[in-house]
Amino acid sequence: MDDLLLQIIVVCTCTFLGGFVDSISGGGGLITLPAYLAIGLSPHLAMGTNKLSSTAGTLVATLRYLRGGKIHLRTAGIAGAMALVGAALGARLNMVLNEEYLRYLLLGVLPVIAFITLKKKKNRGEADEHAFLKPSLLTVLSLGIGFVIGTYDGFFGPGTGTFLIFLFTGLTRFDSTTASGNAKVVNLMSNISSLLTFALAGKVMFVLGLPGAVFGILGNYIGSGLALRYNTKVIRPMLIVSLILLFCKVAYDIVLPA
């Protein structure tokens, strides 16, 4: 009983922190998934239980962004639908390709993304310029973002939300807050699909996942509120934090593979 209580405390602490980070800049799974592994869950059980807490938290963050008018529904819907297709393909690729090559690629790409994010003009992240793009081009870009990041999510996964925000700001020219809201929609659709898959396979530990979901909801609620209130002042620094976390995880996996 004491062991279970300690596990719940560890999980709830990490899902709160992970939900807070994820609601702003993505990358919360870099905090929550290691927590489930650290308390002794098998990789598949950890992933399934993590999806329960992350799905609940992402739903709350999505609703809050939606209520704040910071989701471009058409773009987010298109990208979300394609993410489901890409995730299925990515999962299949995972079975036949070596993730090691992607890890080395990310080690080179992540510092570049961090540099670009830091070099953006202070007000660039607050400018919503998607209206300057032709609707057809915006559609094509949304399809591409959803498919490519969905495939990445199915194949590898870490930092999916962070990459979505970066692409929604860089390619489709949304302000950073709307980009974060759009990313939540795409993540939510992918999370629901993954959660159902794990649950049907009996890979969700509800005694840990449900308390984790409650604290994940709390973290997402507070984080999304800060993002909606302070916009780029909060999102840009948190993007850098998420990129650093992802870089450290990828480097760790290369140096000390499981």
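Just after helix α1, Gly 26 takes a positive phi of about 75°. The model is a predicted one, with local features needing pLDDT of at least 70, side-chain atom pairs counting only at pLDDT 80 or more, and totals for chains, interfaces and linings using all residues. Numbering runs from 1 along each chain as its sequence is written, and side-chain values use heavy atoms, with hydrogens and water left out.

As for α1 itself (residues 2–25), its 24 residues reach 35 Å from first C-alpha to last, close to the 34 Å expected at 1.5 Å a residue (that is, 1.5 Å times one less than the number of residues). Helices here are DSSP runs of H or I, at least four residues, numbered from the N terminus. Among the buried residues of α1 are Val 11, Gly 18, Gly 19 and Asp 22, buried meaning under 20% relative accessible area with a 1.4 Å probe, protein chains only. The buried residues of α1 pack against α2, α3, α7, α8, α9 and α10, contact being heavy atoms within 4.5 Å.

Lys 51 is buried yet has no salt bridge, and the nearest side chain of opposite charge, Asp 153, sits 4.9 Å away; a salt bridge needs a side-chain nitrogen of Lys or Arg within 4 Å of a carboxyl oxygen of Asp or Glu. Lys and Arg count as positive, Asp and Glu as negative, with His and the chain ends not counted. Lys 51 does touch Asn 191, Ser 194, Leu 195 and Phe 198, leaving aside residues up to four places away in sequence.

Methods: Buried means under 20% relative accessible area, exposed over 50%, partly exposed in between (1.4 Å probe, protein chains only). Helices (H or I, at least four residues) and strands (E, at least two) are DSSP runs, numbered from the N terminus.
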